[in-house]
Amino acid sequence: MKVTFINPPQTNSKYKFIGVVAPPLGISYMAAVLEENGYDVNIIDASALEMTWEDLEDELNGTSPQVVAITALTPTIQQARKTAQLVKKISPETTVVMGGYHPTFNHQEVLKTDYVDVVVMGEGEYTMLELVQTLENGGDLSHVRGIALEGQVNPPRPLITNMDALPFPARHLLPMDHYKMLNMKTGMATMITSRGCPMQCSFCASAALHGPKLRLRSPENVVDEMEHLVRDHHVGIIAFMDDTFTLNHRMVEAICDEIKKRDLDVFWGCTARVDTLSADLLEKMRGAGCITLFMGVESADQQMLDATSKNITIEKIRQAFQLSKKYKIRTIASVVLGMPGDTKESIKRTVNFVRELNPSYAVFSLATPYPGTRFYKESVEKNLIKVKDWSKYTLIAPVLETVDCSLEELRNLQYKAFRNFYLRPGYLLRQAWIDGPILLKTVAGVIREVI
């Protein structure tokens, strides 16, 4: 049985405008599991390849798969539906499967169309394997855990406990030369060292998808994959996509020690909570090749941080950025503007606070309630959502109004935040000295998308 995974054509990727084009890890893991079990698999990353719909149709005409699995996020659900429609137009007998964050939490909505036969909910590796095996053998799909069919939701599949048992993602099926981080030309790849997150930030759907328990890979398994990426894919930069890479200090230190032990020549970046960093940890990370930290600042208002269950303090944020500068690690500050309760004044304080932190880069997102989050549930209950077109849920388009900010005013405040951060002469000179042409491409991307 032939299976094709598709990352649909995208025009509204969340971070593409700052020079980030990341491989689709989820479908790459699923493809690897199917290959390991003898199936003929391919991946079409139409987003990275910047395919048109005509390009995708030509590609599908040449593959004739029995099963097509499409990944979807909330802002890309319309492209995913259009992809499903295209598959059914070419081959009505093909079984169309959809998975990812949005279908997991909105399976009933997704299955209302005539183009999607099955939704895979949650972690999809072994659900997809059982689904394909059942289809191949003409079995009863009602027994496959972790899927939804029209009018039916099967029992959930237990989360994967042994993370080392998963094969490495099937990157040989991906256009690896098309991925980049902050416009860097060096070969780039993404990885995870864990799944699950015990933190309960109101705006994040990860704990709902992967559970609140942190499930770790072994340090040796992690560095085995890093070595594979450097040796077989000529990767020079790795981005760890864990929800909070730095949550378990012992794990991070063990990974750093293993990198040093193998004398692995690779740079890497990761996500980090500001309250999980220390001088000793950052020194060890920098010595093992860490060059970038992506940190959630969110707000300069402590009440706002508390309301979102972020469980960090303003002082911890300051300390984290100061320490990162000390160890010469590039920082990306992630900020959320326009949460319920935010005002024009509190938004201005947050923007000024980010300038005070003076990170290498900043992303000023507009508050967006994604399905599966507590934030979405509360926004629906309080009738706060003003825009219900999922394609607008990009973190750039406003979908909520605040106490004293209309949608138009929020968009204007975001525009000013980006402009006032990136168009400072002192900032441009400093960062151009460090990053050179990378900075110019990033600023140009921000101007095109936001300003």
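A residue is termed buried under 20% relative accessible area, exposed over 50%, and partly exposed in between, with a 1.4 Å probe and protein chains only. The structure is a predicted model, in which local features need pLDDT of at least 70 and side-chain atom pairs count only at pLDDT 80 or more, whereas totals for chains, interfaces and linings use all residues. Residues are numbered from 1 along each chain as its sequence is written, and side-chain values use heavy atoms, with hydrogens and water left out.

Salt bridges were examined across the whole structure, and the search finds 21 of them; a salt bridge is a side-chain nitrogen of Lys or Arg within 4 Å of a carboxyl oxygen of Asp or Glu. One of these joins Glu 125 to Arg 195, with the closest N and O atoms 2.6 Å apart. This pair links distant parts of the chain, since Glu 125 belongs to helix 6 (residues 125-136) and Arg 195 to strand 9 (residues 194-195), 70 residues apart. Helices (H or I, at least four residues) and strands (E, at least two) are DSSP runs numbered from the N terminus. Glu 125 and Arg 195 are both buried.

Arg 157 is placed in the loop between strand 7 (152-153) and strand 8 (188-191), 27 residues from Glu 130. Glu 130 counts as partly exposed because its relative accessible area is 23%.

A further salt bridge connects Asp 257 with Lys 284, the closest N and O atoms being 2.9 Å apart. Asp 257 lies in helix 9 (residues 249-261) and Lys 284 in helix 10 (residues 279-287), so the pair ties together parts 27 residues apart in sequence. Asp 257 is partly exposed, with a relative accessible area of 40%, and Lys 284 is likewise partly exposed at 33%.

Ser 206 is situated in helix 7 (residues 206-210). With a relative accessible area of 2%, Ser 206 is buried.
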